[in-house]
Amino acid sequence: MDSDSQNASKDVEIKGINPGLIVLLVVGGLLITFLVGNYVLYMYAQKTLPPRKKKPVSKKKLKREKLKQGVAVPGE
């Protein structure tokens, strides 16, 4: 009896891995690869790309700021 139950469990292991487990491993592997790839690209971009420039301030806003400070705007 005991040897029969051991043989049965060995047969199950030899037949192959559960297909659901294969799908889970493939999807998990792809997800991890995607996340690691994104992180590597992010780190690479941080090192190589120059820092982003601020948006240019419009001339209207510049005039308004200078008037608030009491400085004469050139050309006015």
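The model is predicted: local features need pLDDT of at least 70, side-chain atom pairs count only at pLDDT 80 or more, and totals for chains, interfaces and linings use all residues. Residues are numbered from 1 along each chain as its sequence is written, and side-chain values use heavy atoms, without hydrogens and water.

**Exercise 1.** State how many helices and strands the protein chain has.

Solution. Helices (H or I, at least four residues) and strands (E, at least two) are DSSP runs, numbered from the N terminus. The count is 3 helices and 0 strands. From the N terminus, the order reads α-α-α.

**Exercise 2.** Decide whether Leu-30 is buried or exposed.

Solution. Buried means under 20% relative accessible area, exposed over 50%, and partly exposed in between (1.4 Å probe, protein chains only). Leu-30 counts as exposed because its relative accessibility is 56%. Leu-30 sits in helix 2, residues 19-48. Now widen the view to the chain. Of the 76 residues in the protein chain, 1% are buried.

**Exercise 3.** Describe helix 3: its cover, and what follows it.

Solution. Start with the span: helix 3 covers residues 59-69. Next, the cover: among these 11 residues, the count of buried ones is 0. Helix 3 is thus hardly covered. Last, the end: Gly-70 follows helix 3, and the phi of Gly-70 is positive, near 85°. Arg-64 is one of the residues in helix 3.
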